[in-house]
Amino acid sequence: MNKASQLKKLEQEIIADKNLPLKSNLVFGEGNPDCEALFIGEAPGAEEDRLKRPFVGRSGQLLRKNIRELGWKEADVYITNIVKRRPPENRDPSPEEIESYKPYLTRQIDIINPKIIVPLGRFSMNYFLPLAKITRDQGKLFQAGKWYVVPMLHPAAALRGNEMMKMFEDSFKKLPETLKRIETEGNKDEETVPTRKFEKILKEEDIQKKLF
Ligand code: URA
């Protein structure tokens, strides 16, 4: 089965899972299943719920603009969220909601098998790097289990002020260069070959160990 069919099947499984919390529309994710870069936000907002598409509101516009400014097409990357339904009144997703949707996100990532994962904001970042701090660690390249991960500020945070916006945009601009480094240097050193399953709790020293 190709990746698109596997993703379709996974989406059907989520729809059929009546134990999942949150009853708003399913926002499964969109983009190229053969992408190099996978962007993962927190949870859909009102606009995303309405259109059943991730990152189409104000912060989505900023994310998509930054993707295009790299010379990439939005359709070439894949965009999704940890929690795939909108929490009421745009509140933060709860730990229980994150936990419930986690097995589906894990399988979605496995199917896509991206070269690099860009978690947007601390909830998504902490899913891969539980001890990382967003303002300290955003823009750095980490190895989290079998994935290469560059956490970035959530675009909604970037919209809150010039300093955060600059941090967001500066880190974003480095993405193509980071991808090249993974291709050329990523698996050379035995120590850096990703082998562990990323669901495992990472140790502090693993998390603090930047790859490059
Ligand atoms: N914020 C997110 O984290 N995800 C979306 O899809 C939209 C806004």
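Q: What makes 41% of the 212 residues in the protein count as buried?
A: A residue is buried if 20 or more other C-beta atoms, placed from the backbone, lie within 10 Å of its own; it is exposed if 12 or fewer do, and partly exposed in between. Buried residues make up 41% of the 212 in the protein.

Q: How do you know how far to trust the model?
A: This is a predicted model: local features need pLDDT of at least 70, side-chain atom pairs count only at pLDDT 80 or more, and totals for chains, interfaces and linings use all residues. Residues are numbered from 1 along each chain as its sequence is written. pLDDT is the predictor's confidence in each residue, from 0 to 100. The protein's mean is 89, and 88% of its residues reach 70 or more. Over residues 188–204 pLDDT stays under 50. Where pLDDT is low, the predicted coordinates should not be read in detail.

Q: Why is the set of 45 residues called a nonpolar core?
A: Such a core is a set of buried Ala, Val, Leu, Ile, Met, Phe, Trp, Tyr and Cys residues joined through C-beta atoms within 7 Å. The largest one here has 45 residues. Ala37, Leu38 and Phe39 are among those with the most contacts inside it. Helix 4 (residues 95–112) gives the most to this core, with five residues. Helices are DSSP runs of H or I, at least four residues, numbered from the N terminus.

Q: What makes Leu38 a contact of Ile117?
A: Two residues are in contact if their C-beta atoms, placed from the backbone, lie within 7 Å. Leaving aside neighbours within four places in sequence, Ile117 meets this with Leu38, Ile40, Phe128, Trp147, Tyr148 and Val149.

Conventions. Helices (H or I, at least four residues) and strands (E, at least two) are DSSP runs, numbered from the N terminus.
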